[in-house]
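Me: I have a model open on my screen and I'd like to learn how to read it. Could you walk me through some features, with the general idea before each case?

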Amino acid sequence: MAEPSKKVAKAIWYDPAVASSAVGEPVLKVLNSLTKEKVEFRPMHGRNVKWYNCGPTVYDASHLGHARNYVSQDIIRRILVDYFGYDVHLVMNVTDIDDKIIIRARHNYLIDQLNAESSSLSEALITQSSEGWTAYLKSKVLGRFPPNDQPKAESAVDVDAAWNLVLDKEKSDEKWWAEAKAADEKFTMHIASLRKAKDGIDVAQKALYGKDTSQAQATQLIESVKDVLAPYLDSKFGSTLTDPSISRTLAAYWEDAFFADMARLRVLSADTITRVTEYVPEIVTFVERIVKNGYAYATDDGSVYFDTRKFDGDKGGGVEASKTEDEWNHFYAKLAPGKKGNKEALEEGEGALTSGAEKRFPSDFALWKASKPGEPAWPSPWGPGRPGWHIECSVMASEIFGDAMDIHSGGIDLTFPHHDNEMAQAEAYHDCKQWVNYFLHTGHLHIEGLKMSKSLKNFITIDDALAMYSARQLRLAFLGQLWNSPMDFKESTMQEVKARETAIDNFFNVAKALIAESRAKKAAFDGRHHYDQTEKELVAFYTQTQHDFRLALCDSFNTPLALDRLLELISRTNIYVQRGRAAVNVSVVELIAKWVTKMLRMFGLGEGVVAPGSIGWGDAVREGESTVDRDAILLPYLQVLSTFRDDVRKLAIAQAPPKDILALCDRLRDIDLAPLGVALDDQEDGKALVKLVNPDVLVRARDEKAAALAAKAANKIASAEAEKAKKRAKMEKGKVAPAEMYKVPNVSDGMYSEWNGDGVPTKDGEGKELSGAKAKKVAKEWEIQRKLHADYTEWVGAGCP
């Protein structure tokens, strides 16, 4: 009979998550503008993230504020994808039709047309320029005076008097000037434009009186007055410009410029790019449904406005919500409820070409604008028109993502009314209670504590910024600030950024040099593991840094803190390396350097495509560059090596002293290898550590050192020459013998009449004995001269002159 089977004992498995020493994985939280708090990030569909980003309105060059916004959002996107492993679908719009675009395009077209028609300077052109100048003065400046104290501007005399009054105010009435600037941030820019135009008109009038009516004079006048003349020409002729390509050409030009700037800043392209002009039919359908749902109304002029009072507080969800007892109410201005009645913000959101005279309530906003003459137009049930600003994002995001998205982002200046109006429109269309789950707003950027403005002459385009700093340095600057906080961009900040970049550069260079040297030598097995207490402590710090780094990024993408943790790890590793190469476990340095590289590249700080496990920023592959040319790479190094060998042989054959060979070695290190990007660091064991460094950095350091030595030598020579000149001047005083110092021509004829045997005068010119005091004085001076003359004689005898 078979024996009954025995139950096999099973080992107990202990869940590490419940161990007393377990540290849980931190949860990603983001600062949500909808809650004004950091909340846990929970996408609607697992790891898939729907993200809509407000793109540019393309009518002018992008500036540093745009760079801060789009680079910061690019950093967050990279963190979500490359660090947290989310699958992000990023949609970004391009606003290619808008009041600003229409106005700028018409202005540019009219000025270009005037230039083309002005083959010579004429009285009519000057008169037209003066009329534009006067109109600009009235509209932009004189309105700053109280109504009962506003200067007259009817005649030319009145206009000149009004302008002079404004200039007097600038000098004598600080309060009025400050109030004018506070009321209009572009006030000083208006004054500058008027000054420039006034000077240009004066120059043109003098040229005309002097019979110089050349086309060059006409072009110069138009260039000087274009800022004040363009609005005047637009008021007269803008309504006649019906060609839609006028606006489209301007928008296309600046869109290309924007994306070129983004590429230079290494901002990843959006997955989907939408343009307003490509979605006009969908916009019309979207507006129709909002009207049908009862949240918008058409006006007699053919515009359509969103009814904020009807929407705000109205029950949502329809019949289905009532059945399920899931009743909820719509809410207008979720992001900034306190700004619902902000007239200035509302008017800015509507645009300069929209009066809003027919809307029912001040906070209502345009969904569809009836086009006036001179404005692009598309067909609609309400007549020819164009989209309102806010509707575009609601429609395009809905077309791609449907009735909800995870993230919506943009600059903080878009919070109200733009983003609040976007949500209201979309929620009115979809009849949903929450169209956006997480709103991310990047903070303002100031320049040296001031708002960036052309009038303050601190307006920095992206092109300007990249001429001063590299894309990496700008990104490092933005990483060093919380993405949602205001940022003060200043020179001291950029100096700190450069210092950080240099510290990271040096770390990478040393790590790569140690690794390359270790692999080249293939160190023999010595029976030791080289993993002692110091290595254990460094690796433990590395592990803790990884955890702290994740904590920082989980804390609403706290990149300043994360970057600090990386720099602390670099500093700790540098201290370890300074023990000397014999005491360094290179594998530990390599482990840390690879992770630091991976994290910095994750932030978008790297260049080019690099192999997995490589160390450093990487190298950008420039357009047009081909595959590696082995000869071109090796030959410069081989030539330096060959020349060095030849020189050493010559010295050896000539039996030169050792100091000459050492000087040759120094020249190789300091001069010859610098342009090749090779740095030799002399070490305590007598063997140089080979580092590969940016050649420009080495050459600059070499040249700066040479310049410093040259300056020191020049100062030494100058000091010696100055000392010689001082000595020569002193000696020249002793040139006259003491016996001759009181005789003509060294004194006036007739000053003295008698002298003693040494040449000291005893009587004045009238034959009178010198007084006691006078006699003492001349005797004292004679003694001084005697000593000076003795020194001079000795100096001449030594051949010094």
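This is a predicted model: local features need pLDDT of at least 70, side-chain atom pairs count only at pLDDT 80 or more; totals for chains, interfaces and linings use all residues.

Me: Let's start with sheets. In what order do the strands of the 5-strand open sheet come?

Reply: The general idea: strands of a sheet pair through backbone hydrogen bonds, either parallel or antiparallel. Helices (H or I, at least four residues) and strands (E, at least two) are DSSP runs, numbered from the N terminus, and two strands pair if DSSP finds at least two bridges between them. Here the order is 5-4-3-12-13, with parallel pairing. Strand 5 (272-275) and strand 13 (436-442) are the edges, each pairing on one side only. From one strand to the next, the twist averages 20°; axes are lines fitted to C-alpha atoms, for helices over the stretch in contact, and angles run from 0 to 180 degrees between N-to-C directions.

Me: How many bridges join strand 12 and strand 13?

Reply: There are 6 bridges, in the parallel sense, with strand 12 covering residues 405-411. To find the spot, look for Gly410, which stands opposite His441 in strand 13.

Me: Which strands does helix 13 touch?

Reply: Contact means heavy atoms within 4.5 Å. Helix 13 (residues 389-401) packs on that sheet and touches strand 3 (48-53), strand 4 (87-94), strand 5 and strand 12, its direction making about 145° with that of strand 4. Helix 14 (residues 415-430) packs on the sheet too, touching strand 12 and strand 13, at about 160° to the direction of strand 12.

Me: What about the sheet of 3 strands: what is its order?

Reply: That open sheet runs 15-14-16, and its pairing is mixed. Strand 15 (450-451) and strand 16 (487-489) are at the edges with a single partner strand each, so one side of each has no neighbour in the sheet. Strand 14 (residues 445-447) and strand 15 run antiparallel, joined by 2 bridges, and His446 stands opposite Lys451 in strand 15. Helix 1 (residues 64-83) lies across strand 14 and strand 16, at about 145° to strand 14.

Me: Now rings. How many aromatic pairs are there?

Reply: Rings of Phe, Tyr and Trp (its six-membered ring) pair if their centres lie within 6.5 Å; planes under 30 degrees apart count as stacked, over 60 as edge-to-face and the rest as tilted. The whole structure has 25 such pairs. Take Trp177 and Phe187: their ring centres are 5.1 Å apart and their planes at 75°, so they are edge-to-face. Trp177 is in helix 5 (residues 174-183) and Phe187 in helix 6 (residues 187-209), 10 residues apart.

Me: How many cavities of 30 Å³ or more does the structure hold?

Reply: Rolling a probe the size of a water molecule over the atoms shows where empty space is left. On a 1 Å grid over the protein atoms alone, a cavity is a set of points where a 1.4 Å probe fits but cannot get out, and lining residues have an atom within 4 Å of a point. The structure has 4 of that size. The lining of the largest cavity includes Arg106, Asp243 and Glu375.

Methods:
Residues are numbered from 1 along each chain as its sequence is written. Side-chain values use heavy atoms; hydrogens and water are left out. On a 1 Å grid over the protein atoms alone, a cavity is a set of points where a 1.4 Å probe fits but cannot get out, and a pocket is an open set with protein on both sides within 12 Å along at least five of seven lines; lining residues have an atom within 4 Å of a point. Grid points are joined across faces, edges and corners, and a volume is the space filled by probe spheres set on the points.
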